[in-house]
Amino acid sequence: MEKLIQQIKQGKVWPFPGGIHPPGQKAQSNTQAIKRLPLPEKLVVPLKQHIGANGQLIVDKGQSVLKGQALTKPVANWSVPVHAPTSGVIADICQMPSAHPSALPELSIIITPDGHDTWCELSPVTEPTTLSHEQLIDIIHNSGIAGMGGAGFPTYIKADSRKPIEFFIVNAVECEPYITADDVLMREHAEQIVKGIELMQQLLSPTLTIIGIEDNKPQAIAAMKQASQHNDKIIVQTVPTVYPSGGEKQLIQLLTDKEVPSGGIPADIGVLVQNVGTLFAIEQAVYQGKPLIERVVTVTGNTIHNAGNVWALLGTEIKHLLDCQGFSPVPQQRVVMGGPMMGFTLPTVRIGVVKTTNCILAPDHSELAEPGPEQACIRCSACADACPASLLPQQLQWFAKSKEYDKLKEYNLFDCIECGACAYVCPSEIPLVQYYRVAKVEIKEQQAEQVKAERAKERFELRKERLEREQEARQNRHKRKPAAAKSADEKQKVADALARVKKSDDKADNKSAVAAAIARAKAKKQTGELEPDNTAVAQERAARKEQARAYKAQKAESNENTNDTPADDKKAAVAAAIARAKAKKATKTESTETTDAPVDDKKAAVAAAIARAKAKKAAQNESNENTDAPADDKKAAVAAAIARAKAKKAAKENESQPTDEVTTESEPSQESEPAAHNAEDKKKAAVAAAIARAKAKKAAKENDSQPTDEVTTESELSQESEPVSRNAEDKKKAAVAAAIARAKAKKRQQEGSDQS
Amino acid sequence: MTLFYALLALGSLALIFGLILGFAAVRFRVQGSPIVEQIDTILPQTQCGQCGYPGCRPYAEAIANGDEINKCPPGGEATVKKLADLMGVEAKPLAGGEQAEPVKTVAYIREDECIGCTKCIQACPVDAIVGATRQMHTVLIDECTGCDLCVEPCPVDCIDMLPVETTKQTWKWQLDAIPVTQID
């Protein structure tokens with residue numbers, strides 16, 4: 001390592017293989033100072049001028065912008081903003097041909113300059129050493145700087161390299177013929193460039209910084225040596241003039257004797273390369289606060305009268321550049337963006353200058369002849385001798401022509417830097433580079449397709465899995481219903497219910513029991529009115545809670561009863577309802593007035609206990625049963641379910657707003673009325689009864705929240721028992737009675753609330 | 001006696017190799033048929049069913065069982081060629097006289113005409129259409145394989161198959177084209 005640095009400091013260079021010596025043609029354009037051009041009529045700024053993603057638009061059509069104002073903001077990774085090159089109005093935001101051999105349209109911002117060239121507010125930094133690493137990276141990022149040597153790699157990513165950098169190389173080689181933009185930039189702005197280098201040194205802290213300049217630029221070498229004198233970590237290295245010594249990998253090999261591994265990046269071997277133009281842009285961004293809005297462009301060629309370098313605002317149409325430098329086109333004029341070796345012929349001159357445009361070449365036919373027809377390869381191997389990457393261009397050509405992509409990869413096609421040296425030396429005028437470019441795109445496309453196919457397969461399989469899962473779930477749902485009904489647990493419940501019905505039948509017939517219940521209720525009402533007792537109320541409340549739960553469970557059972565025994569479901573439903581009513585009544589009596597207890601006191605208590613136990617169990621199952629229950633053809637079950645759901649809702653409402661009881665009370669009554677009127681048989685009457693019960697439950701809950709409202713409860717009780725008893729006799733009567741009961745209940749409630 | 005030793009030696013050798021082979025058969029067992037996997041990776045995974053099988057994998061299995069290799073229109077000639085190489089059979093032109101180089105397309109839903117019936121969502125083999133009942137549907141272009149399966153079920157015919165746009169990344173130099181340039 002020490003030895004290597006020693007050798008570098010002694011000025012040793014390590015020539016790379018191959019390379020060619022095309023005529024320089026630089027004298028045409030490097031004799032004059034960089035010119036400033038008059039403002040063009042319009043500027044076309046593409047959103048994407050680098051490798052990576054678009055920024056996000058932050059301006060609108062018709063908006064006025066100032067010079068240097070950001071037009072986009074970076075969003076995704078690798079996105080770099082663009083800025084307004086001058087002050088003016090945004091005339092349009094639309095698709096325009098891009099600076100690419102295909103000229104495929106790209107979203108661009110069209111600015112009509114107002115001629116004032118007013119800068120927006122800039123925030124220059126005079127002492128960048130005080131800035132943190134992140135702050136400096138942010139400035140570089142937000143100034144929209146991307147590699148200006150040709151590739152347009154976002155500079156902020158390079159500058160934020162996570163890998164340790166040993167050698168920082170400044171690419172000032174400019175090996176391609178005709179181009180002199182970097183040459184004149186170094187002559188005129190060497191100091192700024194060195195400041196830019198020092199900023200990069202601050203970010204990367206490399207062991208050594210090497211500025212590589214070809215020996216055909218003595219003035220630039222002198223200027224850079226002069227400017228970097230104070231910094232002993234910077235050395236200016238003169239390299240022989242060979243094309244393509246300006247290629248990143250070639251320059252690294254030339255200056256440090258290191259080779260970038262195939263498929264790797266320079267940072268892998270501790271080297272980082274930046275173009276001089278980029279470093280100048282970094283200096284401008286930090287010390288001046290100016291974003292990247294202009295660059296030096298060489299306008300040259302035999303058809304240009306006044307060949308030279310100009311400061312071109314990004315987005316300036318090529319036509320404007322040509323016109324300003326005096327352009328007299330020949331027939332079939334070609335205009336090339338970039339140099340004669342790696343540049344491309346523009347399909348139209350109505351394309352804007354972008355961050356990577358370093359040269360506009362407008363040659364006449366004598367200096368850059370139109371390539372002749374391709375001839376057969378004579379296997380002279382001149383291309384292999386010229387290749388700076390030690391590839392076998394001839395082999396690659398065969399494989400590219402026969403579309404043998406695996407072979408191409410095997411022969412390291414992707415290490416080709418597309419420098420064009422092979423095509424330059426080819427005596428058969430085979431456009432070798434073009435073949436490679438097409439093959440590269442094909443291979444990349446195939447790889448992308450492979451990735452996409454993988455993903456499609458994955459998604460297809462996931463979907464299949466999902467469909468299978470859904471199918472299974474559907475089948476299970478169909479199965480679960482009968483299976484559940486048959487389960488031992490359910491059977492037990494049914495048996496219990498029947499037993500209860502029988503028990504009550506044994507004791508007394510329904511009518512007399514109901515009548516007794518009414519009598520009891522009335523009696524209780526009177527006593528309750530006469531002497532309100534808090535303990536009794538508390539007990540009663542507890543009992544009611546239990547009762548409500550038991551009742552819920554019982555109702556669920558009754559539904560199942562109906563389903564299981566369709567033959568006598570009517571009878572069973574009625575019987576169950578009666579049984580429930582009785583059980584409830586019994587519990588009530590038991591808990592509140594033991595003295596008032598009727599003959600069946602004990603038995604009712606037992607029944608209630610059983611009901612409670614079951615209710616608990618049922619309550620646990622209840623929620624999933626409710627949701628899982630499929631649509632039942634039995635109207636009664638549906639109606640009952642609706643009633644239950646409503647009751648639940650109402651109960652919840654009551655819990656949350658206990659003062660609103662009158663209105664909530666009226667709601668269910670409206671529901672129950674039509675139900676009663678529409679009733680055609682006893683089954684429907686049973687439904688009405690169920691609704692009434694639901695209301696009772698709700699009322700019970702209501703009372704939980706209003707402990708003093710004892711009277712209401714009483715009325716509810718009577719109301720609840722009435723329809724049940726009467727539905728056996730007459731549906732109409734039941735409905736009327738229910739309505740009366742409701743009215744009474746309402747009145748009572750009001751009274752009750754007044755009292756309380 | 002010599003005979004006995006010879007038998008013993010051979011017998012023990014046979015036992016040892018038998019054990020090694022037995023172990024190898026268990027340890028290095030091949031799950032499923034690897035040829036089906038290989039065929040499946042060659043197929044374009046559009047899951048379009050144009051081959052007559054419900055997806056690319058069933059067709060891969062069919063090819064492994066001796067079906068024709070030229071039934072995949074989305075794969076085009078390239079796929080047929082690769083399958084021919086893999087299966088060791090002659091490459092044939094695509095069945096049904098399909099064009100050799102398929103144009104890659106993606107589905108596009110004209111959103112103001114979409115009635116939100118979800119039929120296309122159910123038809124899409126790769127879940128590349130999003131939407132809900134009575135809500136507008138749209139296609140995730142990056143996931144769309146261009147299989148055409150959503151076009152048929154649409155009751156209002158609001159799905160178009162558009163060719164995939166060329167981007168700078170997918171653009172290719174036209175080497176045999178005559179360059180025409182105009183300078184204005």
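Mentor: Two strands pair if DSSP finds at least two bridges between them. The model here is predicted.

Trainee: What is the order of the 4 strands in the open sheet of chain A, and how do they pair?

Mentor: The order is β10-β9-β8-β11, and the pairing is parallel.

Trainee: Why are β10 and β11 of chain A called edge strands?

Mentor: Strands β10 (234-239) and β11 (271-275) of chain A each pair on one side only. From one strand to the next, the twist averages 25°.

Trainee: How do you know that β8(A) and β11(A) pair?

Mentor: The cut-off is at least two bridges. Strand β8 (residues 167-171) of chain A is joined to β11(A) by 5 bridges, so the two count as paired, and they run parallel. At one position, A:Phe167 stands opposite A:Val271 of β11(A).

Trainee: Which helix packs on this sheet, and which strands does it touch?

Mentor: Helix α7(A) does, touching β8 and β11 of chain A. Its direction makes about 80° with that of β11(A).

Trainee: What makes β4(A) and β6(A) a pair?

Mentor: Strand β4 (residues 64-65) of chain A and strand β6 (residues 88-97) of chain A share 2 bridges, in the antiparallel sense. The cut-off is at least two, so the pair qualifies. A:Ser64 has A:Val89 of β6(A) as its bridge partner.

Trainee: How many bridges join β6(A) to β7(A)?

Mentor: There are 9, and strand β7 (residues 105-113) of chain A runs antiparallel to β6(A). Here A:Cys94 is partnered by A:Ser108 of β7(A).

Trainee: Which residues make the contact between α4(A) and α7(A)?

Mentor: Among them are A:Leu185, A:Met186, A:His189 and A:Ile193 of α4(A), with A:Leu279, A:Phe280, A:Glu283 and A:Val286 of α7(A). By class, the contact has 13 nonpolar, 4 polar and 3 charged residues.

Trainee: What makes α2(B) oblique to α3(B)?

Mentor: The axes of helix α2 (residues 34-42) and helix α3 (residues 56-64) of chain B come within 8 Å and cross at roughly 125°. The roughly perpendicular range ends at 115 and roughly antiparallel begins over 145, so α2(B) is oblique to α3(B). The crossing is right-handed. Residues of the contact include B:Ile35 and B:Ile39 of α2(B), with B:Ala60 and B:Ile63 of α3(B). The classes are 7 nonpolar, no polar and 3 charged residues.

Trainee: How do you know that the length of α4(B) is close to what is expected?

Mentor: Helix α4 (residues 76-87) of chain B has 12 residues and reaches 17 Å from its first C-alpha to its last, against 16 Å expected at 1.5 Å a residue. After α4(B) comes B:Gly88, with a positive phi near 70°.

Trainee: How many residues does each chain give to the contact between chain A and chain B?

Mentor: Chain B gives 21 residues and chain A gives 22 residues. On the chain B side, 8 are nonpolar, 9 polar and 4 charged.

Technical notes: Residues numbered from 1 in each chain as written. Chains lettered and ligands numbered in written order. Predicted model: local features only at pLDDT ≥ 70, side-chain atom pairs only at ≥ 80, totals over all residues. Expected span 1.5 Å × (residues − 1). Contact = placed C-beta atoms within 7 Å. Nonpolar A, V, L, I, M, F, W, Y, C, P; charged D, E, K, R; others polar. Axes fitted to C-alpha atoms, helices over the stretch in contact; angles between N-to-C directions. Parallel < 35°, antiparallel > 145°, perpendicular 65-115°, else oblique. Left-handed = near helix turned anticlockwise from the far one by under 90°.
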